[in-house]
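Dear colleague,

I am handing over the structure we spoke about, with its sequence, and below it you will find my notes on what turned up when I went through it. Please read them with the model open beside you.

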Amino acid sequence: MATIEVTDLTKDYGSVLGVDSVSFTVERGEIFGFLGPNGAGKTTTIRTLLGLLAPTAGTATVLGADVRDDGAFIDAKQRIGYLPAQLGFNEEVTGEQVLDYHASVKGDRRRDELLEIFTPPVERPIREYSTGNERMLGIVQAFMHDPELVIMDEPTAGLDPLKQEEFNEFVRSERERGTTIFFSSHVLSEVRRVCDRVGILRDGELVGLEDIETLLDQGGKRVQVETTDDLESALPALDGVVDVNSFADGVQFIYTGDYNTLLRELAAHDVREIEISEPPLEDVFMHYYGDGEPAQSGQEVESNV
Amino acid sequence: MFETTRYEASRRVRGTAILTIAISLYAAFIVWYFTVLEGVDYEAVFESMPPAMIEAFGIEALATIGGFLGTQIYNFVWLLGLGLYFAYAAGGLIAGDIEHERMDLLLSFPVSRSRLLVEKTLSLLLPLVTLNVVVGAVIYVLVQAIGESIDPMYLVLAHALSIPYLLVCIAIGVVLSVLVDRAAIAERAAIGLIFVLFLVESVVGGASEFEWIQYISPTYYYDPTPILIDGSYELLDTGVLLVAFVVLLLISQVLFQRRDI
């Protein structure tokens, strides 16, 4: 049986539809990235998976337990670690007291080992913690009882780049140990680096379910080039160039073709400035998963009225 | 078992200590004040007060130490003050965790919602028991110290019977706490409700036509002054309070079970 099985999951908040008929499975031992822009319904899905929200329709099982049944879910929860987007630890207690409390409920056999990688100042009260420290404490509590499945909502938010890298390294080593990991992110590059498979959520709907290779091929790069001569007219001839936008002193486009072809073309021009970067997530959706209008345009129309 | 109760109670130790000391000091002041007032003509004092006020604060038999303590400490601090305090504290119990999104993590624990709610509620037993035991003992010692005497059984009864009353105040707070998402709203609503119930009981109690309204107030079922004067109380009243406590807690369980966090 799959570790997480979601079937036609719908959460209707009344005024807004949180998630709309989402289905996916997460297999045992894989790292599954749940990707989407802010407000896409990632947190809603995660909170439903933990039984915090009752689904309006559809079902979900986690480690074989139905998330709608509070009683039946208890045993499964012993084998789940959870890192929510907002931790909200009590301000006046120390990190140590928080961990002691969590340990008394679910165990802490890996606590010391984890505190060597993630280093929140456990002797200090939470009130003095930075966002990064609070997140590290959250990571420690999520993994310290050695759960089979860890569910994380934007785990690296607030971590400095060095710790983010350590976290990615840690997640990869967790996969080696056989832990199943499900985490959400709105950062494409982060998901790329550690995930086996990715589910892409947009406006509450699952618009793509890809293994990471496919996503890498389709995602493309955003290229911003400033040349002294005319590059723009040469671009349409290149395979894989889309969404060309020209500025006063340069041009920007998304490139999904062969890198060598692009570099050869660029070499023929006098390049003054170049930046090749991850495209914004919303662009990826627009080009590869979109069914027309991006989510933002509707809002712009409204605000103009 | 009771990990959450232990954790939550440990967070209440300081507040409980401060409150216990503060109320003990107030009690000491009142006991000292009784010695100062000796020889005052209480008949004249009663005549100068409106009957509704005498009714509201149970001002009777001020001349005896029992009656004096009942009026100045128990009616004022236990019935009103602690009633408000425990309703307030219970109001923040769940709503505070939901507001600060702590509840997400707590509900990911391998613990059912109903047990979490019960364990959190139980943490309020720390101040509840400590206040009753410590302040009760302090009052007894102080009364002995000024050379007055009070039946220790009456004192124990006045404190013991306050517990079901305060439990109802807690349960009212808990129900409000699972109903709303913001601690401040639940806390204020709980305080407001207890205060209104207190007023309803004391004001309407005199007017025969609406006499029945007083029965909805928990304050009607706990009257410390007669207990302290001659040890009289109604066991039925305590039963009503305990039943109300259980029913309110069951309601909060159902509400908490069904709500989205």
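This is a predicted model: local features need pLDDT of at least 70, side-chain atom pairs count only at pLDDT 80 or more; totals for chains, interfaces and linings use all residues.

The buried residues of helix 3 of chain A are Gly95(A), Val98(A), Leu99(A), Tyr101(A), His102(A) and Lys106(A). They cover an arc of only 160° around the axis, and therefore lie on the same side of helix 3 of chain A. As for what covers these buried residues, the cover includes helix 4 (111-117) and helix 5 (131-143) of chain A, and also helix 1 (3-36) of chain B.

Turning to the contact between the two chains, 23 residues of chain A and 18 residues of chain B take part in it. On the side of chain A that touches chain B, the elements giving two or more residues are helix 2 (70-77), strand 6 (80-83) and helix 3 of chain A, and the largest share, five residues, is that of helix 2 of chain A. By residue type, this side of chain A is made up of 12 nonpolar, seven polar and four charged residues.

For chain B, an unreviewed UniProt entry carries the annotation "transmembrane region" over residues 12-34, 76-96, 122-143, 155-179, 191-215 and 235-256. I looked at two of these stretches in the model: residues 12-34 of chain B are 100% helix and 0% strand, with end C-alpha atoms 33 Å apart, while residues 235-256 of chain B are likewise 100% helix and 0% strand, with end C-alpha atoms 32 Å apart.

Finally, the nonpolar cores. The largest of them has 125 residues, and those with the most contacts inside it are Ile151(A), Phe86(B), Ile170(B) and Ile172(B); its largest share, 18 residues, comes from helix 4 (residues 65-99) of chain B. Leaving aside neighbours within four places in sequence, Ile170(B) is in contact with Phe86(B), Ala87(B), Ala90(B), Thr121(B) and Leu124(B). There is also a second, separate core of eight residues, among them Val223(A), Leu231(A), Phe253(A) and Tyr255(A).

With best wishes

Terms used: Residues are numbered from 1 along each chain as its sequence is written. Chains are lettered from A and ligands numbered from 1 in the order in which they are written. A residue is buried if 20 or more other C-beta atoms lie within 10 Å of its own, exposed if 12 or fewer, and partly exposed in between; C-beta atoms are placed from the backbone. Helices (H or I, at least four residues) and strands (E, at least two) are DSSP runs, numbered from the N terminus. The arc is that of the directions from the helix axis to the C-beta atoms. Two residues are in contact if their C-beta atoms, placed from the backbone, lie within 7 Å. Ala, Val, Leu, Ile, Met, Phe, Trp, Tyr, Cys and Pro count as nonpolar, Asp, Glu, Lys and Arg as charged, and the others, Gly among them, as polar. UniProt positions are given in the numbering used here, feature names are shortened, and annotations may be inferred rather than shown by experiment. A nonpolar core is a set of buried Ala, Val, Leu, Ile, Met, Phe, Trp, Tyr and Cys residues joined through C-beta atoms within 7 Å.
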